[in-house]
Amino acid sequence: MALFDSLGRTINYLRLSVTDRCNLRCTYCMPEEGIGKVAHGEILSYEELLRIARAAVAIGIDKIRITGGEPLVRKGIIQFLHQLAEIQGLEQLVLTTNGVLLDKMAVDLRSAGVQRLNISLDSLNPATFSHISRCGDLERVLAGIEAARECGFPIKLNMVVMRGVNDHEILDFAAMATTSATTVRFIEYMPAIREHNWQRHVVPGAEILARLAERFTLIPAEQTEMAGPARNFRIPGAPGTLGVITPVSSHFCSECNRIRVTASGLAKGCLFSESLVDLKPYLLRESDQQLALALGKIVDTKPAGHQMSPQECSHQAFSMASIGG
Ligand code: SAM
Ligand code: SF4
């Protein structure tokens, strides 16, 4: 059953956050002291998250991405994923992680039914990685990526490109796609937490592509549903692919197919919109009919787009960790 919003966009994708907590403190995502963590009692139980997932699938969602915070830090996540994977009508169960715990958990994620992983990795240099994540150990993440590869996950890496911080590594990241079956995606830095003078960090997608094209021949790849908002490219003879995601310089709002639910049950139609629906009251009822209607309302009122540009943004500051990126 296809689900459409009021502008005729197909909506089939839910990003479901299971926690706002994280074992890293990426500079672009949250302040050093972390975010004002949602009280434990406010975070939805797995049972509640499952009800939301089922209600979403009942209205036409067929892809769920589990995100956070860092989803792998929440206790019981593997059992929860097993239950999600059993939902009839859910075709894609995927997860985004910083990779820190993957060396221990990749095998269990695979057997729980997670089909694909997006792994965030912003530097191949231990000192730069530790600077960006404020505490991360690059070796551990690289070991996690290998563990995921060994147990059969296709590897997709997401690098947030920041001028003066890690943009000198663009070509090193791209080179990974020439030596292994890795999809490397470059994401424009977004002014989510509204760091002072954030504009200095934005490297527009066009510039990322120009820098890649100086070293590699880029052949536009067919746009599959799995590519999401990325514009993808092949390099002749390379086993991997490259992608560029440009939420700031070139919006993909007209093709946006997603809604979001935070770990405390706030549903949103757009990352940058301030309008949301609190799903908690609907979870107090026994039937999931009202829950499905509330999710349907988020779909119906999904904004046409956001106004962010490389020079300006007007949204309230927020941490991606609280919404799930
Ligand atoms: N902790 C997991 C991770 O880092 O992959 C999942 C949650 S994280 C909020 C989801 C995604 O949002 C990550 O790929 C992260 O790089 C991205 N993200 C967070 N803040 C961002 C920003 N200011 N600009 C661009 N991407 C951002
Ligand atoms: Fe944590 Fe992911 Fe945010 Fe980094 S981007 S602080 S890993 S939630």
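A residue counts as near a molecule or strand if one of its heavy atoms lies within 4 Å of it. The model is predicted: local features need pLDDT of at least 70, side-chain atom pairs count only at pLDDT 80 or more, and totals for chains, interfaces and linings use all residues. Residues are numbered from 1 along each chain as its sequence is written, chains are lettered from A and ligands numbered from 1 in the order in which they are written, and side-chain values use heavy atoms, with hydrogens and water left out.

**View 1. The shell around ligand 1.** Ligand 1 has 16 residues around it; Tyr28, Gly69, Ser120, Met190 and Met320 come nearest. The shell divides into six nonpolar, eight polar and two charged residues. Here Ala, Val, Leu, Ile, Met, Phe, Trp, Tyr, Cys and Pro count as nonpolar, Asp, Glu, Lys and Arg as charged, and the others, Gly among them, as polar.

**View 2. Polar contacts of ligand 1 (pairs of N or O atoms within 3.5 Å).** A polar side-chain atom of serine 120 lies 2.5 Å from an oxygen atom of ligand 1. Methionine 190 places a backbone N or O atom 2.8 Å from a nitrogen atom of the ligand. For glycine 69, a backbone N or O atom is 3.0 Å from a nitrogen atom of ligand 1. Taken alone, ligand 1 exposes 550 Å², and the protein buries 94% of that (Shrake-Rupley method, 1.4 Å probe).

**View 3. The shell around ligand 2.** The residues around ligand 2 are Cys22, Leu24, Arg25, Cys26, Tyr28, Cys29, Met30, Gly69, Asn98 and Ala321. Seven are nonpolar, two polar and one charged.

**View 4. The buried side of helix H2.** Helix H2 spans residues 77-85; Ile77, Ile78, Phe80, Leu81 and Leu84 are buried (under 20% relative accessible area, 1.4 Å probe, protein chains only). They lie on the same side of H2 because they cover an arc of only 160° around the axis (directions from the helix axis to the C-beta atoms). These residues pack against strand E1 (13-17), helix H1 (46-59), strand E2 (63-67), strand E3 (92-97) and helix H3 (102-112) (contact: heavy atoms within 4.5 Å). Helices (H or I, at least four residues) and strands (E, at least two) are DSSP runs, numbered from the N terminus.

**View 5. Glutamine 307 in its loop.** This loop runs between helix H9 (289-300) and helix H10 (320-323). Glutamine 307 is exposed, with a relative accessible area of 65% (exposed: over 50%). Glutamine 307 and histidine 251 are 56 residues apart in sequence and 8.8 Å apart in space, C-alpha to C-alpha.

Conventions. Polar contact = N/O pair within 3.5 Å; in protein donor to acceptor, adjacent residues only side chain to side chain.
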